[in-house]
Amino acid sequence: MQKRLLLLAALVALAAPAFSQKYFTRDGKVKFSSDASVEKIEAVNKSATAVIDAATGKMEWKVLIKGFLFEKALMQEHFNENYLESSKHPSATFKGQIANLNEVNLTKDGTYTAKVTGKMTIHGVERDAETTGTITVGSGSIKVHSNFTVKCSDYGVKIEAQKVNSIANDIKVSVDAALAPMK
């Protein structure tokens, strides 16, 4: 009898992750701006993918670099060819988790402040990353919003001396996404 209870407990523990709810999107919005003394550069990508596991708080994000659209075609070309080298490094990723999951209930309607930690990879360089954001749970979906800053120099993105007045080293990033339950 004791062996059966142990086996049943082990099966329940192994099966629990299979029943955890995951949320997904293919149309997350990532916007960035470089506000240098001579020029302001902005771009937006509306096709970021993301998965969040409500039980564990683990998440993964991926953004295709060529998906960023600029007001000026020449800026987009320079961004892809000279700076982010999107043919060599086609995507940026974040893999991490909600560090304060005990304060964020992804299964209960409400608005929560989430602290997120993990690894961000841009331009082929992986670094520790952390930020805060707002997660709103309601109507069966999860909405995510965050603002943070990325330093070009931290990710090996070189800005020529003659361009430092046109391109800032500190890039302001905003992320907005609505994730629906995976089926």
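Tutor: Let us begin with contacts, meaning heavy atoms within 4.5 Å. Among contacts in the chain between residues at least 6 apart in sequence, 59% join residues at least 24 apart.

Student: What should I keep in mind about the model itself?

Tutor: This is a predicted model, in which local features need pLDDT of at least 70 and side-chain atom pairs count only at pLDDT 80 or more, while totals for chains, interfaces and linings use all residues. Residues are numbered from 1 along each chain as its sequence is written, and side-chain values use heavy atoms, with hydrogens and water left out.

Student: How many helices and strands are there in the chain?

Tutor: The chain has 2 helices and 9 strands. These are DSSP runs numbered from the N terminus, with helices being H or I of at least four residues and strands being E of at least two. Along the sequence the pattern reads α-β-β-β-β-α-β-β-β-β-β.

Student: And what share of the residues count as buried?

Tutor: Of the 183 residues, 37% count as buried. Buried means under 20% relative accessible area, exposed means over 50%, and partly exposed lies in between, using a 1.4 Å probe and protein chains only. The chain exposes about 11300 Å², and carbon and sulfur atoms supply 55% of that area. Accessible areas come from the Shrake-Rupley method with a 1.4 Å probe, and for residues only the protein chains shown count as cover.

Student: Which residues touch the most other members of the largest nonpolar core?

Tutor: They are Phe32, Trp61, Phe68, Phe70, Leu106 and Ile135, in a core of 44 residues. A nonpolar core is a set of buried Ala, Val, Leu, Ile, Met, Phe, Trp, Tyr and Cys residues joined through side-chain atoms within 4.5 Å. In soluble globular proteins, nonpolar side chains tend to be buried together.

Student: What is Leu106 in contact with?

Tutor: Leaving aside neighbours within four places in sequence, Leu106 is in contact with Tyr23, Ile52, Asp53, Ala54, Ile98, Leu101, Ile135, Val137 and Ile142.

Student: Now the strands. In what sense do strand 6 and strand 7 pair?

Tutor: Strand 6 (residues 110-122) and strand 7 (residues 125-138) pair in the antiparallel sense over 13 bridges. Two strands count as paired if DSSP finds at least two bridges between them. Lys119 has Asp128 in strand 7 as its bridge partner. The two strands form a hairpin with 2 residues between them, and His123 in the turn has a positive phi of about 60°.

Student: Where is Arg127, and what does it touch?

Tutor: Arg127 is found in strand 7 and counts as partly exposed at 35% relative accessibility. Not counting residues up to four places away in sequence, Arg127 touches Gly118, Lys119, Met120, Asp154 and Tyr155.

Student: How many bridges pair strand 7 and strand 8?

Tutor: Strand 7 and strand 8 (residues 141-151) pair in the antiparallel sense over 6 bridges, and Gly133 has Ser146 in strand 8 as its bridge partner. This hairpin has 2 residues between the strands. Ser139, in the loop between strand 7 and strand 8, has a positive phi of about 55° although it is not a glycine. Ser139 is exposed, with a relative accessible area of 79%.

Student: Is Ser174 buried or exposed?

Tutor: Ser174 is buried, with a relative accessible area of 16%. Ser174 lies in strand 9 (residues 170-181) and touches Lys29, Val30, Lys31, Ser146 and Asn147, not counting residues up to four places away in sequence.

Student: Turning to charges, how many salt bridges are there?

Tutor: The count comes to 4 salt bridges, each being a side-chain nitrogen of Lys or Arg within 4 Å of a carboxyl oxygen of Asp or Glu. One of them joins Asp170 and Lys151, with the closest N and O atoms 2.8 Å apart. This pair links distant parts of the chain, with Asp170 in strand 9 and Lys151 in strand 8, 19 residues apart.

Student: Which residue forms a salt bridge with Glu85?

Tutor: Lys88 does, with the closest N and O atoms 3.3 Å apart. Lys88 counts as exposed at 60% relative accessibility, whereas Glu85 is partly exposed at 22%. Glu85 is found in the loop between helix 2 (73-83) and strand 5 (91-98), and has a positive phi of about 45° although it is not a glycine.
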